[in-house]
Each structure stands twice: as C-alpha cells, then as structure tokens.
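Here is a colleague's note for someone opening this entry for the first time. Please keep the view open while reading.

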Amino acid sequence: MRAALALAARGLGNVWPNPSVGCVLVSPQGQVVGRGWTAPGGRPHAETEALKRAGAAARGATAYVTLEPCCHWGRTPPCTDALIAAGVARVVVAMRDPDPRVDGGGIEQLRAAGIDVSTGLLEDEARAINAGFTKRLTRNLPLLTLKLASTLDGRIATRSGESQWITGAPARRLAHALRGTHDAVLVGSGTALADDPELSCRIPGFAPVPTVRVVADARLRLSPGARMLREGGGPVWIATRTGHPDALLAPLRAAGAEIVEVPEAEGPAGQPMGLDPAALLRALAARGLTRVLAEGGAALAAGLLRAGLVDRLAWFHAPAIIGGDGRPALDALPLELLSAMPRYRRTALALPGADLFSEYETASEMGTA
C-alpha cells in the first residue's frame, strides 16, 4: 500500500477534477505484477493501468488501491468491472470514495462478485493525498495551501519594494515543485502588477498538465500584455467582480484569459471590500480545481487567513533580516486576543540550500485530511 500511495502522489496537480490514485497488483507468490496511477487529465484510472501491465498475471492477484474503485460509467468503464473481469482475488482499499456515485458501492460490487475486500489500510495517508478531492466534493472548496517566502522577521521586500531574491535557488526550485503538485496558483493583482510573474512550474517534465494561473483582480487592473498572458505556460483565469463592461473584458479575453466573476465581500457599512475569498474559492472548485497554491501578496494572504480558508502553510525562511520598515508577509488580521490566532501543526522541515522550509496544517486537517 505504501508503494501505491507513492504512485498516487505522482498525479497531484495533474488529474483534477479527479482523485489521484495508485494501484499495485501482487501475485499469490508475493511478486508485484502490475502498477498503475491516475494518468494526466484523470484518465485512464490507476486500476486500469495496473491491470494492463499485469496482463494474465492479474488472475488470483491482490490489488492494493489507495481509493475505492469506481463503480459508475463516466468517460471510461467502471474499475470494478475491470478488476472482476481480470480475476483479481482480493482488493485492499485504503479509503472509501466520498463521491456519492461510489461511496461504498464499489466495495459492495466487488464483494458481490466473490472478491475478498479489506478497507482502511493506511487510510490517513490516503486521505492526505486526496484531501483536495474530498474537500471539493464535501465542502465545494479546494484544498488551499498558502505559500510564503520571507526573512526571519517576516518581511517579503525592502521598503522600496525590492524582493528578488530573498531566498536562494534551491528554495525557488522547491517552490516550483509546489506549483507542480497543485492544480492552480493564486495571486493578488498587486503581486501580478509588481512582479509581472509567469507563475508556471519551470521544472522540465515535472507537471505534464500546465498549472492554472489565477489572479484575484477585483478592479480589473491586469494588462492584456502581462507576462503570463504573453508567454503562455498554462491557462490564465482572472477572478474579478461582477458588472465590468464588455469593453474592459474583451481585451483580456482576446489575450487568452478566462474571466471568473465573483461577488465582492461587504464591509461593516455594506461597502464593497474586494472579492469575497470564500466565493472565490467556491468558484474555482466549481471549475474542477481541487488543490490551490496561494502565493500572495500580503493582502490576499491575510484575507484568506481571516476567512479561515487556509488548510496548509508552506513557509520559506531566508537567514536574513530586513527590519520593521520592510514589507510584511501578511497584512493585519487583526487580532485582539491570542486565543483568536490561527494555529497550525508543523508536518515537515527541509533545508533547501541556506534557507529553511517548513510545512504546517490546520487543526481541522490533522488526521482527517
């Protein structure tokens, strides 16, 4: 099952809106006879690939699958039918599929066909891999990771705005790997205007499905000549408020951008306060996204934290200090009491070059991702 989980992780960022699944077939003699994982775009499924590789050796084998095999027709036949036809004797499932079209039905079909089915092996690890898929199905939201890169004192730029580069090349390469394991990268319009980023995963061969670039731009400030529109590298979605005239939208659409209209949040006096962050994420989930990496800036990051929408943190710290006049990683939340602080549990530490990288998850993600 650990091997199947490692195979499933290969699909992260490449299979949305589908789950990323791994499958390993083991013969009665204990030999691995087939392996498969969800292909880019979500088809073919892991079980189909493993059975194809195993051929006749699949008969009598045990299939270790990280997610309950599907039992419904989509663009491909049900994986339960394929496992039954191949003569598999036993199926070990890490977690049930939360999709209501499956949700235990796949397990029932396999058992009805005389196949021995076990469930729950390394379930927590499987849930962590498919946390985005599960959250989209159950809460109509993608899993959101907030990525920050700052000095030790939490600054992302000098007072003049110089920010390239605070972290070193190894840390930036790891940041590109993070992009490659997410369906989309999200930035605010301020970051898009200041840095004119490309926002693609620039590790050759890492992400066969181009990462979606999303700009939260309520006032529609992004230029049709922005680098991400000029140089390609994946779809560009501009999330903006409703009601912009077609004359403003047409040049961006002509440059290749997709416009995603999102309601604005309301302030205490009913005044618009920029895009509603929860509505923004729901709009992305409605388009199939399961895993979103938010890369700033400070206003967007604080807005997502204030709304309680950040599931995971990925923080790069450079061994340097800028001082109080530098630009902070986060705008004010604001908080009056320590008890109101968003709290996280550290899940990983790494040392890319001279920098420190740490990952965290929310209390709600702990053991139930």
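This is a predicted model: local features need pLDDT of at least 70, side-chain atom pairs count only at pLDDT 80 or more; totals for chains, interfaces and linings use all residues.

The points below go from the whole chain to single residue pairs.

1. **Overall build.** The chain has twelve helices and 18 strands. Its C-alpha trace spans about 65 × 45 × 40 Å along the principal axes. For 369 residues, a compact globule would have a radius of gyration near 21 Å; the chain has 22 Å, which agrees.

2. How much of the chain is buried? Buried residues make up 51% of the 369. The chain exposes about 16,600 Å². Carbon and sulfur atoms supply 53% of that area.

3. **The nine-strand sheet.** Nine strands form an open sheet. Their order is S11-S10-S9-S8-S14-S6-S15-S18-S17, and the pairing is mixed. Which strands sit at the edges? They are S11 (257-262) and S17 (344-350), and each pairs on one side only. Neighbouring strands of this sheet are turned by 25 degrees against each other on average, direction ignored.

4. **Inside that sheet: S6 and S15.** These two strands pair in the parallel sense. Seven bridges link S6 and S15.

5. **The S17 end.** S17 and S18 (residues 356-362) run antiparallel, joined by six bridges. Arg345 stands opposite Glu361 in S18. The two strands form a hairpin with five residues between them. In the turn, Gly353 has a positive phi of about 65 degrees.

6. **The S11 end.** Look here for helix H10 (residues 246-254). H10 lies across strand S10 (236-241) and S11. The helix runs at about 140 degrees to S11.

7. **Helix H6.** H6 covers residues 131-139. Ala131, Gly132, Phe133, Thr134 and Lys135 are buried in this helix. What do the buried residues of H6 pack against? Their partners are helix H5 (123-129) and the strands S6 (143-151), S14 (291-294) and S15 (312-318). S6, S14 and S15 are among the strands of the nine-strand sheet. After H6 comes Asn140, whose phi is positive, near 55 degrees.

8. **The five-strand sheet.** A further open sheet has five strands, in the order S2-S1-S3-S4-S5. Its pairing is mixed. The edge strands are S2 (32-37) and S5 (116-119), and each pairs on one side only. Here neighbouring strands are turned by 15 degrees against each other on average, direction ignored.

9. S1 (residues 22-26) and S3 (residues 62-65) run antiparallel. Four bridges join S1 to S3. Cys23 has Val65 in S3 as its bridge partner. Helix H1 (residues 2-9) lies across S1, S2 and S3. H1 runs at about 145 degrees to S1.

10. **Aromatic pairs: Trp16 and Trp237.** How many aromatic pairs does a search of the whole structure find? The search finds two. In one of them, the rings of Trp16 and Trp237 have their centres 6.4 Å apart. Their planes stand at 85 degrees, so this pair is edge-to-face. Trp16 lies in the loop between H1 and S1, and Trp237 lies in strand S10. The pair therefore ties together parts that are 221 residues apart in sequence. Both Trp16 and Trp237 are buried.

11. **Aromatic pairs: Phe316 and Phe357.** This pair is tilted, at 4.5 Å centre to centre with 35 degrees between the planes. Phe316 lies in S15 and Phe357 in S18, so the pair ties together parts that are 41 residues apart in sequence. The cut-off for buried is under 20%.

Terms used
Residues are numbered from 1 along each chain as its sequence is written. Side-chain values use heavy atoms; hydrogens and water are left out. Buried means under 20% relative accessible area, exposed over 50%, partly exposed in between (1.4 Å probe, protein chains only). Contact means heavy atoms within 4.5 Å. Two strands pair if DSSP finds at least two bridges between them. Axes are lines fitted to C-alpha atoms, for helices over the stretch in contact, and angles run from 0 to 180 degrees between N-to-C directions. The radius of gyration is taken over C-alpha atoms; the globule rule is 2.2 Å times the number of residues to the power 0.38. Accessible areas come from the Shrake-Rupley method with a 1.4 Å probe; for residues, only the protein chains shown count as cover. Rings of Phe, Tyr and Trp (its six-membered ring) pair if their centres lie within 6.5 Å; planes under 30 degrees apart count as stacked, over 60 as edge-to-face and the rest as tilted.
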